Amino acid sequence: MNSVIDLTGAEICGEVDEQNPPIGLPNQASDSPLLALDIGGTLIKLVYFTGGKEEGRNGDKSVGGQLRFMKFERRRLDECFEFIQSKKLLSCNGISTGSNKGLITIKATGGGAYKFADIFKDKLGVYLDKLDEIESVVSGANFLLQKINGASFTHLNGKREPIDISPKNLFPYLLVNMGSGVSIIQVNGNGNFKRITGTQIGGGTMFGLAKLLTGCMSYDEFLKLSQKGDNVVLDLIVKDICGELVCQKQGLSASTLASSFGKVITSKRTLSDYKKEDLAATLLSAFTYNIAQISFLVASLLGMKRVFFGGSYIRGHKSTMNNIAYAINFWSRSQMQAVFLHHEGFLGALGALTSDENLKSDKSEFNNESQEQANSHEKLTAEHNNNDNNIFPYLLVNIGSGVSMIEVIGKGKFERIIGSHLGGGTILGLARLLTGCSSYEQLLELSQKGNNLSVDLTVGDIYGERGYPKIGLPATTTAASFGKVNSNKISDYKSEDLAAALLNLFAYNIGQIAYFVANLSGLKRIFFRGAYVCGHEKTMEKISRSLKYWSKGQVQTTFLCHEGFLGTLGAFWSYENMGIDGLTEHEVIREVLLGAPYTGGQFPSVPPTDQCDNGEGSADPKEENEKLKVDNQLLKTEIEKLRRENQELRAKLKSQESKGTTSGSIFANGL
């Protein structure tokens, strides 16, 4: 089912803030059979043409009409069929003959185009002309950016600003497509693109967890709830860690986000004690910031300054766009720009619709800057790692309630690169709400008995047994954590399966971010430490597998299994030899703060969180001082305990060495 598309005079109709406004085609034949589908993991998107909505050129009513947009949940496939029939979208002259035996042909993309082809044939008598999903998404984005005026805009600090980009200056750009999962694509020109990476933390993750935590049954309902909520009720912020006085002395913003859901781990409140609105706001900020951070890291690796965001889970939602735009601006220090698209959820369907009108492919539009930058990283990495006997430089990943990543150049020489708010506090906070477990050890024990595939959406669930071979994704690959959750009742799922899915999400996300940060800094050694990783075999195994996958085995992963020691392949190091003894002992307060997401150099004055200090006044200095005294005493006691245990380990090592036993067997090793 196709027709030549006349884009002369094409423009967006309706209000500027309207979601998915029609696109007017004043010179298109009014009886044109235009219909295309994008059948994704959770949604079906339709783009179709209706004639007669406006007069064409010279008042001719035989031309002119609009492209319109509609979506359905994939589980409501029958509603999609009813809509197509009620609108008589198949009654046009789109009959094709030959190999399709007289069936009406419809352009379709997405994994469901393969999985549900027979159902469309049986129910509607149509043949689905299957088009590659990534190619269709890119084509749809290029179509909007090159052919439709006003298709893109920025959204920072709550203000939407249209942006006009000349086609001559459009390429290259980074396209982040937020579906059930997330795909990140480098677009160098028409027909010239490459999928760089993706993440299993996407819209399907937010919606799946939102069902379980808030009881909502539609994504739009979840977004409405989030607008009325306060994420600071559940999120751990810097003020919660060190108090107002230390924030002032250190130049920290008291409301800087340290750990999403981090307050839950010390609270006696259960899920029913929290407002649905606060839970929704916390979910939205947690995962939109994470998607933005990964996008920022990839753009940095490729040397790109402009990042376009599309996908059906943005939906023109102000907080979603504001979170993403703020995070990109924050982490890039205003050197990158997040750009959004009208019709962002229909890029695949638009690309399928216009597939016969492909914009001219021009391989010469490829910008070699990104490749040159990649080559420079490889050269830097080779220079850094030409002496395997030298431990420096390396990346130290400290996993507490939040996550901090530090480049250690030499003894006493280290610089914090970045942090993540999705840390141990996040996974344990979510675990307490979903499973009722009270400790990380209990979570790990539950996860050992569970199956994450009971709630995680896989590539096979979307595409079928064939997977997505064109980009190398087998059917067993996780496409969206918690993306298979259909019920809004936690009791419908086993605690063990929820725990396994949480651990999977947590470990692979940290591994992915650590890889990108190491790659960006030209490092091939990564050391992990922190209470939420070390000594926990399952967590270490998953992080190791994640890094092995992303780096293709080029990054060495090691875990600091005990304070003062490093165990891998029989190696034996102390924090002093690693050059970070000053970090671990002399700046205790700063070490606690390493979980907060600020960039290297000066601390930011504005935090990556939507909320301020909840309207509370400044804390009483006397109370703050007393609190700090107690906290410092506890830390000193812990350090002294660890030192004693170190001495015991040293003695044990010497004893075993004298007996000819290697030290490597004492420690857990990275893969």
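Trainee: Which residues does Phe309 touch, not counting residues up to four places away in sequence?
Mentor: Contact here means heavy atoms within 4.5 Å. By that cut-off, Phe309 touches Val176, Met178, Ser295, Ile314, Ile324, Ile328, Ala338, Val339, Phe340, Leu341 and Glu344.

Mentor: This is a predicted model, where local features need pLDDT of at least 70, side-chain atom pairs count only at pLDDT 80 or more, and totals for chains, interfaces and linings use all residues. Residues are numbered from 1 along each chain as its sequence is written, and side-chain values use heavy atoms, leaving out hydrogens and water.

Trainee: Which members of the largest nonpolar core touch the most other members?
Mentor: A nonpolar core is a set of buried Ala, Val, Leu, Ile, Met, Phe, Trp, Tyr and Cys residues joined through side-chain atoms within 4.5 Å. Buried means under 20% relative accessible area, with a 1.4 Å probe and protein chains only. The largest core has 104 residues, and the members asked for are Phe222, Phe309, Val397, Ile399, Phe482 and Phe528.

Trainee: Which helix gives the largest share of this core?
Mentor: Helices are DSSP runs of H or I, at least four residues, numbered from the N terminus. The share is 16 residues, and it comes from helix H8, residues 276-302.

Trainee: Is His536 buried or exposed?
Mentor: His536 sits in the loop between strand S22 (525-529) and helix H16 (537-551); strands are DSSP runs of E, at least two residues. Its contacts include Tyr440 and Leu444. Because its relative accessibility is 12%, His536 counts as buried.

Trainee: Why is H4 largely enclosed by the rest of the structure?
Mentor: H4 covers residues 133-147. Its buried residues include Ile134, Gly140 and Phe143. H4 is largely enclosed because the buried residues number 11 of the 15.

Conventions: Expected span 1.5 Å × (residues − 1). Buried < 20%, exposed > 50% of the residue type's maximum accessible area, 1.4 Å probe, protein only.
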